[in-house]
Amino acid sequence: MAFCHDTVDRLGDKDCALVKANITCLCRISGILTNLSHENELCSTKLGQMNSFLPLCMSTFTYLAPRFAPDNKRFDLAVLMSSLLVNLVERCNSNRRKVIELVVPVYNIETNTISEQPCLNALTQIFLMHESAARTVDEELDRDLILEDAPNESDNEEDNSEDDDGRLHRLPAELTEDEMIATVQRAMNKASAHMEDSVVASYTALLVGCLMQQNEESVAEVKAQMPNGKLTPMVEQLQRFLDFMKISNIRSSGNRSVERIIDLLDHLNG
């Protein structure tokens, strides 16, 4: 894993075939380690005791993935690495303390800048960036698809037969076929981006919540980065994520973990 990380960082070109191959290796390694460490405190503890392993994982999530991962791998690597980090700190407070004390490199996709930041600051800013991006896409979708409910029933049966078809109607005019295709395509592209940002924001909030277990003195550091000094956006994001997991019939143990972190953040928010 260290070899792949260092190779990608040294080559520094996400279009390079060797960089792409090493990013793929990082995805596979993190996927295997995520499965091994799931609800496995011993495995998580042993991994955390490996020299530079936790800094390597954090650096991959905060710096390597956003800067060097190809577009079709960036989301995969971010989710896999954040999932691994959640596993490593969820049941092991020694790992939590090690991660909290880290200063990590952070790559800002929006400004193309690199900075060194305390771990919790970095994670909070990553959460805010993805949560804001998901919210922006929501608003854009609302503007792109201006729909209203079907007309109300009237006493005129002829009007009912023509208008009350149970469908949604666009305002202010009907779309042509080409406009409809273009609108649906834009909506699908934005929905995909929205899903990716929402998932990364959710895993980041989950990671922050896990880190604050038994380390509640760190909450002030996170609140200082949040709008109005509140953890409410994280709580709301995780609640949406939990609702999605329940609808999708995701494993119940994952639901319980998210519920526990929601309760913790809600408590710390007070």
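Modeller: Happy to, and let's begin with contacts, meaning heavy atoms within 4.5 Å. This is a predicted model, where local features need pLDDT of at least 70, side-chain atom pairs count only at pLDDT 80 or more, and totals for chains, interfaces and linings use all residues. Residues are numbered from 1 along each chain as its sequence is written, and side-chain values use heavy atoms, without hydrogens and water.

Colleague: Which residues does E131 touch, not counting residues up to four places away in sequence?

Modeller: E131 sits in helix α7 (residues 119-144); helices are DSSP runs of H or I with at least four residues, numbered from the N terminus, and strands are runs of E with at least two. Leaving out residues up to four places away in sequence, E131 touches A201, Q237 and R240.

Colleague: Is E131 buried or exposed?

Modeller: Buried means under 20% relative accessible area, exposed over 50%, and partly exposed in between (1.4 Å probe, protein chains only). E131 has 10% relative accessibility, so the residue counts as buried.

Colleague: Which side chain joins that of E131 in a polar contact of 2.8 Å?

Modeller: A polar contact is a pair of N or O atoms within 3.5 Å; within protein, one must be able to donate a hydrogen and the other to accept it, and residues adjacent in sequence count only if both atoms are side-chain atoms. At 2.8 Å, the partner of E131 is R135.

Colleague: How far apart in space are E131 and V200, C-alpha to C-alpha?

Modeller: In sequence they are 69 residues apart. C-alpha to C-alpha, the distance between E131 and V200 is 8.4 Å.
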